[in-house]
Amino acid sequence: FNRPLFEAALQFALKRHPLLRALVRGSVAGKTSELFWIQAESTTPYIDWGPEGLPFRFPRGEAIDLSSEIGIRVFIRENHNKTKLSLQVHHACADGLGVAIFLKDLLTFYSVSHPSVQKMLASMGISRFDVNEPLLFNPLKEELLLIRDQVHLSQTSRMAVMSRRILRLLRFFTTRWDPIALPSSAGPETTTHPPGPAYHSQMFTIEETKALSSRATKEGVLVNDMLVRDLFLAIHRWNVRHDPKGKARSIRIAIPTDLRFLFDRRLPASLLIGVMFVDRTPKSLKSPELLLKSIYSETQYLKKWWLGLATNTLAKFLSKIRGGIKYFASSERYDPTVIFTNTGECIDESSLPTQGPLPIGDMVLTKIEGIPPIRAGTYASFGTAVFSGALVITLRYDKTHLTVSQGRELLDLFVSQIKQSSDARVDQARIDTLS
C-alpha cells in the first residue's frame, strides 16, 4: 500500500460509517437500555503495520473494548510484492455485510486516489472528493441508524408474525442439540497458533462455483440451502469420527440473515441481522436428498414469516429485565453447534470487473476472506462469500479446543462434501483420508 493514500482512504471510509468511529457509554450492570453510542474524540483506529510473518500485535489484548476504543483495528503485513490487509471489527459495530460496505468504500477511495486513476476520472468529469457521486460511492444516510431496530408491518402482519415468532422461540428453548465433538487428544502438532483468530480458508475455482450453482438450480433450491445441507453432513461425519457416540449427536446451525431489505440501502455499516436456527437429528441426515428438500422448505418458511427476527424479539424482551441480556449472552447452554454465515458477493454493485483480480489503484485485489465470530460454547463458525465469481469458505475455530491440523481437517470435510454435492472434480485420495 501507499501508506499516505491508505490512511486517507481509511479516514474517508470512517467518516461515512459512524458506528465504526464511536464509543459505548453506560453500564452493563443494569438494563441494557442504559448503553448508548457517543462520538469518539479520536477517530484514528489502531494500525499495526509490519513485514510479512510478523505476528499481530494487539494493543489491549485481542478483544476490543468499546468503552475505550473504537470498534475497528487495522493490521497490514507486506513483502516486496504482496500486501495482506486484515480488519478486526467489533460485531456490535457491523456485521459481515456492513464490513463489506466499509471495505468497498475504503478500497474505492484508495483506488481513485491513485494518480493514474485520477486522470481517467478527470476525463469523465468525476472528482474523488465528490462523496455524492453514485458511480463511486453509494449515498448513505446516517439518520437511518436511529431507526434500524424498527420493522414496518401492518397490524395484521405484526400479529401473524409475532405468533409464529413465539412458537419459534418455544422450539428454540425446548429442542435438544449438542456441541461438535472435540477430539480426545491433540495428536502430533508441529504448528502453533499465532496471536489473533484461528482460521483456515479455501477458495474454489470459478468453474467449481458455477457447478455448485448449476446443481442448486437443477435441484430447485438455493445455493445457500445446499451449503447448509452439506454442513450438516460434514459436521455429522466429524462427530462420528471423533466421538464413539457421535452418531447420536443432534446438530443446530445458526444462520444469520440480513435484514437490510427492510430498510433503505443507504444505511451505513451496522449490525442488522436476525438469526435462523435449523436443527436436525442424526436420523434426519440419512438421506441427503430428503435433507436438502426439508432445509429448503424450512428456510423458505422462516424467510416468508421473517422468523429470523425471533431472536430480535427475544433481545427486546430481555432488555427490559435487569441483567437479562447479559445472562443470556454469557450462558453457553444456548450456543448452537456451529454458525454458518453467507455474505454473498464481497463487493456488491462495484463498477470494477466482477470476475478475475480487481485493480485497486496501483495494486490488484486477489482474494477476500471473511472471518466470522465465534462464541465460548460454539467451537466453529463457517463463513462463505463470493469474490470475483469464486466461492470462498472460511472456518474460524476455538484454538483452546482445536489444533491447527484439526481445524484444517474440519474445513476439509466441509469442502469435500460441497464438491461431491456439486459434481465438481474431487481428489479421491484426499476424500479417502477424510472418511
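Predicted model: local features only at pLDDT ≥ 70, side-chain atom pairs only at ≥ 80, totals over all residues.
Q: Are H1 and H2 roughly parallel, roughly antiparallel, roughly perpendicular or oblique?
A: Helix H1 covers residues 3-16, and its axis runs 8 Å from that of H2. The two pack at an angle of about 140 degrees. Roughly antiparallel would need an angle over 145 degrees. H1 is therefore oblique to H2.

Q: What is the hand of the crossing of H1 and H2?
A: Two packed helices are described by the angle between their axes and the distance between the axes. For H1 and H2 these are about 140 degrees and 8 Å. The hand of their crossing is a further detail: right-handed.

Q: Is Thr108 buried or exposed?
A: Thr108 lies in helix H2, which spans residues 96-113. Its relative accessible area is 17%.

Q: Which residue has its backbone oxygen 2.6 Å from a polar atom of the side chain of Thr108?
A: Thr108 touches Leu136 and Phe137, leaving aside residues up to four places away in sequence. The polar partner sits elsewhere in the chain. Its backbone oxygen lies 2.6 Å from a polar atom of the Thr108 side chain, and it belongs to Lys104.

Q: How are H5 and H10 set to each other, roughly parallel or oblique?
A: Helix H5 takes in residues 206-219 and helix H10 residues 404-422. Their axes are 8 Å apart, at an angle of about 60 degrees. Roughly parallel would need under 35 degrees, and roughly perpendicular starts at 65. H5 and H10 are therefore oblique.

Q: Which residues in H10 do Glu208, Ala211, Leu212 and Arg215 meet?
A: Those four names belong to H5. H5 passes H10 in a left-handed crossing.

Q: What share of the residues in the protein chain is buried?
A: The protein chain has 11 helices and 13 strands. It counts 435 residues. The buried share is 46%.

Terms used. Residues numbered from 1 in each chain as written. Heavy atoms only, no water. Buried < 20%, exposed > 50% of the residue type's maximum accessible area, 1.4 Å probe, protein only. Polar contact = N/O pair within 3.5 Å; in protein donor to acceptor, adjacent residues only side chain to side chain. Contact = heavy atoms within 4.5 Å. Axes fitted to C-alpha atoms, helices over the stretch in contact; angles between N-to-C directions. Parallel < 35°, antiparallel > 145°, perpendicular 65-115°, else oblique. Left-handed = near helix turned anticlockwise from the far one by under 90°.
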